[in-house]
Amino acid sequence: MTAAVSRAMTVERAFASAFADAEARNARTGYPLTKYARDPVLYAKERLRIELLMPHQEQILRAVCDGVWGEAFPRIAVRSCQKAGKTLTDIFAALWYYECFADARVFMAAAIEEQ
């Protein structure tokens, strides 16, 4: 098994686990979580218990939120680099959208089949 495949499988498992945890929390706390609908950074800190978000992660989450609410362009681009937390930020944004908006559906895609 190559490193790329094992990394993709690890991210996939983490993502699936996070969504399963979100479903369990929704069953206990009510759905959707409108308290966080305008603040994905607060959602990540309180709901997901993320103690420290990097400034660029907060900026990405806020840009996604502005796009969802129609206050900015609905798509954003993030400069490519390694180990900056892009994938984790994607997961935070997907979970935020899934838990905070009624009938939300989240689709994620990757460039290659292994991902």
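Lys-83 is exposed, at 79% relative accessible area; exposed means over 50%, buried under 20%, and partly exposed in between, with a 1.4 Å probe and protein chains only. Its place is the loop between H3 and H4. Helices here are DSSP runs (H or I, at least four residues), strands are runs of E of at least two, and both are numbered from the N terminus. Lys-83 is not a glycine, yet its phi is positive, at about 60 degrees. Most residues other than glycine have a negative phi.

This is a predicted model, in which local features need pLDDT of at least 70 and side-chain atom pairs count only at pLDDT 80 or more, while totals for chains, interfaces and linings use all residues. Residues are numbered from 1 along each chain as its sequence is written, and side-chain values use heavy atoms, with hydrogens and water left out.

Asp-103 also has a positive phi of about 60 degrees without being a glycine. Asp-103 sits in the segment after H4. The residue is exposed, with a relative accessible area of 72%. Arg-49, which follows H2, has a positive phi near 60 degrees as well.

In soluble globular proteins, nonpolar side chains tend to be buried together.

What is Leu-95 in contact with, leaving aside its neighbours within four places in sequence? The partners are Ala-18, Phe-19, Ala-22, Tyr-43 and Leu-48. Contact here means heavy atoms within 4.5 Å.

## Helix H2 and Arg-47

H2 covers residues 40-47, and Arg-47 belongs to it. Buried residues in this helix are Pro-40, Val-41, Tyr-43, Ala-44 and Arg-47. For Arg-47 the relative accessible area is 11%.

The side chain of Arg-47 makes a polar contact of 3.1 Å with that of Glu-99. A polar contact is a pair of N or O atoms within 3.5 Å; within protein, one must be able to donate a hydrogen and the other to accept it, and residues adjacent in sequence count only if both atoms are side-chain atoms.

## Salt bridges

The model has five salt bridges, each a side-chain nitrogen of Lys or Arg within 4 Å of a carboxyl oxygen of Asp or Glu. One of them pairs Arg-38 with Glu-71, with the closest N and O atoms 2.6 Å apart. This pair links distant parts of the chain, 33 residues apart. Arg-38 is in the loop between H1 and H2, and Glu-71 is in the loop between H3 and H4. Arg-38 is partly exposed, at 48% relative accessible area.

Another salt bridge joins the side chains of Glu-58 and Lys-45, at 3.4 Å from N to O. Glu-58 lies in helix H3 and Lys-45 in helix H2, so the pair ties together parts 13 residues apart in sequence. Glu-58 is buried, at 17% relative accessibility, while Lys-45 is partly exposed, at 36%. Glu-58 also meets Arg-62 in a salt bridge, at 3.3 Å from N to O. Both of these residues are in helix H3, four residues apart, or about one turn of the helix. An α-helix has 3.6 residues a turn, so residues three or four places apart point the same way. Arg-62 is partly exposed, at 41% relative accessibility. Through shared partners, the salt bridges join Lys-45, Glu-58 and Arg-62 into one network.

## Cysteines

How many disulfides are there? The count is zero, where a disulfide is a pair of cysteine sulfur atoms within 2.5 Å. Cys-100 is in no disulfide, and the nearest cysteine sulfur, that of Cys-65, is 9.1 Å away. Cys-100 is buried, at 3% relative accessibility. Cys-81 is partly exposed, with a relative accessible area of 38%.
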